Amino acid sequence: MTEKNALNIGIVGTGFIAEFHLKSMIGVRNVRIAGIFSRNAENRERLKLLADDLELGPCTTFDTLNQMLESDEIDAVWILSPNHTRLDVMRQIHDAVAEKRSKVFAVACEKPLAKTIAEAREMLRLAEDAGLNHGYLENQIFCTPVLRGKEIIWRRAASTTGRPYLARAAEEHSGPHAAWFWQGDKQGGGVLSDMMCHSVEVSRHLLTDPNKPRSSLTVKAVNGTVANLKWTRPKYAQQLSDRFGGKVDYKNRPSEDFARATIVLEDEEGNELMIEASTSWAYVGAGLRIQLELLGPEYSMEFNSLSTGLKVFMSREVMGQEGEDLVEKQNAEQGLMPVLEDEAGVYGYTDENRHMVDRFRKGLKPDETFEDGLAVVQMLIGLYRSAEIGQTVTFPAEELENYVPVVARVASD
Ligand SMILES: NC(=O)c1ccc[n+]([C@@H]2O[C@H](COP(=O)([O-])OP(=O)(O)OC[C@H]3O[C@@H](n4cnc5c(N)ncnc54)[C@H](OP(=O)(O)O)[C@@H]3O)[C@@H](O)[C@H]2O)c1
């Protein structure tokens, strides 16, 4: 295909992550936010205004997905709607492109790619069947400290003393903002599917030789534990119910608010590698905390998203409204608080979108595709199965193909 001067993006979803993506796009060249689809007029207008304010438009709103797909304005769709809507959105994109009603040629999808392995395979099949270029939106592999840290470690240390062997990742906050995250059937699970998807993929990425594909590492075995540490306590289950107007029944239908994983991998030379990951919705600190480590024979790297260079102190006399203006999932407005000056950059959204836009514009395959999204779901589902049976699951594991995590089996109201 010929290189496009600018990529025209159509957005599906107008929530938390859609705003983050829009804000990050001001650091991306050759892009236009051309369309917003939402079922809700107020949300459509809010996002369109934001796109216009950021000078990312001109942007048109659509009240059906098909209208957006069929408008000649859109080259690529960013799927930023909840996990249980993925397949339906992808099927509509597939059908519109396959039936030549749409000129869309690329699709990018937020994490996790799907709730089960079968669904993830279908997402990949639909994209390929329609001839679409595809990108999996795992922002952590584009975090600026990950980009810089991986580059230094592999160039200076691994090249002279040997490859890294252990990656540790932890992502924790005090709980998600919308009801569907807490409903196992809609989200696909609890914190394991919501946040461990980041941890396993950023770890796999850090351990992968930059000159080799991600497939140069093979998963040999996974061992997982899940638990409910905080949100099933009566007071907190009630808080969830009150906060979400009775839609979340965490007392009777909890998912999990803690998950731990050990993943054994092997590289092409037969070296054993290890991922240790831990995620929770039960962490009350200043805000979202991402902790990453990479260890090798003569070196290590570490990053903690709350150990910021910039901190502010506000005494008890400073009164104000609750907000998320200092750090994502902020828990306080007083005292000594860390501040990320450029959250969209540090969390990876800017470089992620720059990469996807660039590759799609040039007709090239992104570094992170639906195939990687599928590999992530395979690890997550293996971990759920391991937690259920209390044993390590060795890969390849045929029995995982149609496996549904226990907490995702019962439909919420
Ligand atoms: N990379 C990250 O760190 C990160 C962080 C947060 C979320 N995410 C991912 O991003 C996705 C969205 O999460 P979020 O936090 O933005 O959720 P959210 O705040 O609940 O927003 C979701 C939006 O999706 C739209 N929507 C709901 N049902 C839909 C349907 N059937 N078809 C089309 N749109 C629908 C809703 O818009 P309307 O009601 O206006 O249609 C809503 O505004 C999830 O997959 C999540 O896992 C990623």
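1. Let's start where the two domains meet: 11 residues of domain 1 are in contact with 11 residues of domain 2. Contact here means that the C-beta atoms of two residues, placed from the backbone, lie within 7 Å. By class, the side of domain 1 that touches domain 2 has 3 nonpolar, 6 polar and 2 charged residues. Ala, Val, Leu, Ile, Met, Phe, Trp, Tyr, Cys and Pro count as nonpolar, Asp, Glu, Lys and Arg as charged, and the others, Gly among them, as polar.

2. A word on what you are looking at: this is a predicted model, where local features need pLDDT of at least 70 and side-chain atom pairs count only at pLDDT 80 or more, while totals for chains, interfaces and linings use all residues. Residues are numbered from 1 along each chain as its sequence is written.

3. Where do domain 1 and domain 2 lie in the chain? Domain 1 covers 7-111, and domain 2 is made of 141-349 + 376-408; these bounds come from an automatic or database domain assignment. The centres of the two domains, taken over C-alpha atoms, are separated by 27 Å.

4. Now the whole protein. Its secondary structure comes to 13 helices and 15 strands, which are DSSP runs numbered from the N terminus (helices: H or I, at least four residues; strands: E, at least two). The radius of gyration is 21 Å, close to the 22 Å from the globule rule for 413 residues, so the protein is as compact as a globular protein of that length. That radius is taken over C-alpha atoms, and the rule is 2.2 Å times the number of residues to the power 0.38.

5. Of the 413 residues, 47% count as buried. A residue is buried if 20 or more other C-beta atoms lie within 10 Å of its own, exposed if 12 or fewer, and partly exposed in between, with C-beta atoms placed from the backbone. Among contacts between residues at least 6 apart in sequence, 77% join residues at least 24 apart.

6. Is Val-407 buried or exposed? Val-407 counts as buried because it has 23 C-beta neighbours inside 10 Å. Leaving out residues up to four places away in sequence, Val-407 touches Gly-184, Gly-189, Gly-190, Ser-255 and Glu-256. Val-407 and Ser-255 are 152 residues apart along the chain, yet 5.3 Å separates their C-alpha atoms.

7. Next, the ligand. It is surrounded by 20 residues, and the closest are Gly-15, Phe-16, Ser-38, Asn-43 and Ser-81; a residue belongs here if its C-beta atom, placed from the backbone, lies within 6 Å of the molecule. Helix α1 (residues 16-24) gives the largest share of this shell, 3 residues. The shell divides into 7 nonpolar, 10 polar and 3 charged residues.

8. Two peptide bonds deserve a look. Gly-57 and Pro-58 are joined by a cis bond with omega about 5°, and Pro-58 sits in the loop between α2 (41-53) and β3 (60-62). The bond from Lys-111 to Pro-112 is also cis, with omega near -25°.

9. Finally, two lysines with positive phi. Lys-100 has a phi of about 60° although it is not a glycine, and it counts as exposed, with 7 C-beta neighbours inside 10 Å. Phi of Lys-329 is near 55°; Lys-329 is partly exposed, with 19 other C-beta atoms within 10 Å.
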